[in-house]
Amino acid sequence: MFSRRRPHLAVVQEEPAPTPTFAEQALAHVDELYGLARHLCGNTNDAEDLVQDTYARALAGRFEQGSNLRAWLFRILRNCFIDQARRRKIVLEIPDETIDTIPPEQWDAGSLEQLRYLTASEIERAVAALPVEFRFVVLLDIEGFSEVETSEILRCPPGTVKSRLSRAKARLRVALKETR
């Protein structure tokens, strides 16, 4: 005997997606950290070691919930980079804020047009030639960090970040102009 009654449908409540663990959240930034490390170190082996040290410290450290995880990881990477340089007895060139002021220059349309034809390797070489603190500030700017976030990562006032970024860009303009 067939019944014409429809069976009752069960309502299944969808469970919310589990909250990612701290390690999963941190690993979401591995490519960005590796990119910065590669630019700082100049070779892939040292960059991989630097990122590994960064994550080892991060997982052993204390992250304050609610603060900027990405900026915190970049600060750890910077500190690891400086520590590695000290262990290897490498003196990092820290720019003196009182010297090396390059006056702003006027760029004509022809100069700007020439910049469009620079290759990635030419730009990469020019960035690599910058002193390490200038390199940091340029690369963090490229990563999209604000001046305030960059100042937290570098542990310096926002005005210093603004000054270093301006001076780094001036050096890059000069270096890139010389390549053409």
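## Confidence

The model is predicted. Mean pLDDT for the protein is 81. Of its residues, 78% reach 70 or more.

Confidence is highest in helix α3, residues 44-60, with a mean of 94. Helix α5, residues 109-115, sits at the other end, where confidence is lowest, at a mean of 57. Residues 98-104 have pLDDT below 50. Beyond near neighbours in sequence, that stretch makes six contacts in the model.

## Helix α7

Helix α7 spans residues 132-142. Nine of its eleven residues are buried, so the rest of the structure largely encloses this helix. Buried means under 20% relative accessible area.

After α7 comes Gly-144, with a positive phi near 95 degrees.

## Helices α4 and α8

Helix α4 covers residues 69-87, and helix α8 covers residues 147-154. Their axes come within 8 Å and cross at roughly 40 degrees. The two helices are therefore oblique to each other. The crossing of α4 past α8 is right-handed.

Which residues of α4 meet α8? They are Ala-71, Phe-74, Arg-75 and Arg-78. On the α8 side, the contact involves Glu-152, Ile-153 and Leu-154. By class, this contact has four nonpolar and three charged residues, with no polar ones.

Conventions
Residues numbered from 1 in each chain as written. Predicted model: local features only at pLDDT ≥ 70, side-chain atom pairs only at ≥ 80, totals over all residues. Heavy atoms only, no water. Buried < 20%, exposed > 50% of the residue type's maximum accessible area, 1.4 Å probe, protein only. Helix = DSSP H or I, 4+ residues; strand = E, 2+ residues; numbered from the N terminus. Axes fitted to C-alpha atoms, helices over the stretch in contact; angles between N-to-C directions. Parallel < 35°, antiparallel > 145°, perpendicular 65-115°, else oblique. Left-handed = near helix turned anticlockwise from the far one by under 90°. Contact = heavy atoms within 4.5 Å. Nonpolar A, V, L, I, M, F, W, Y, C, P; charged D, E, K, R; others polar. pLDDT = per-residue confidence, 0-100.
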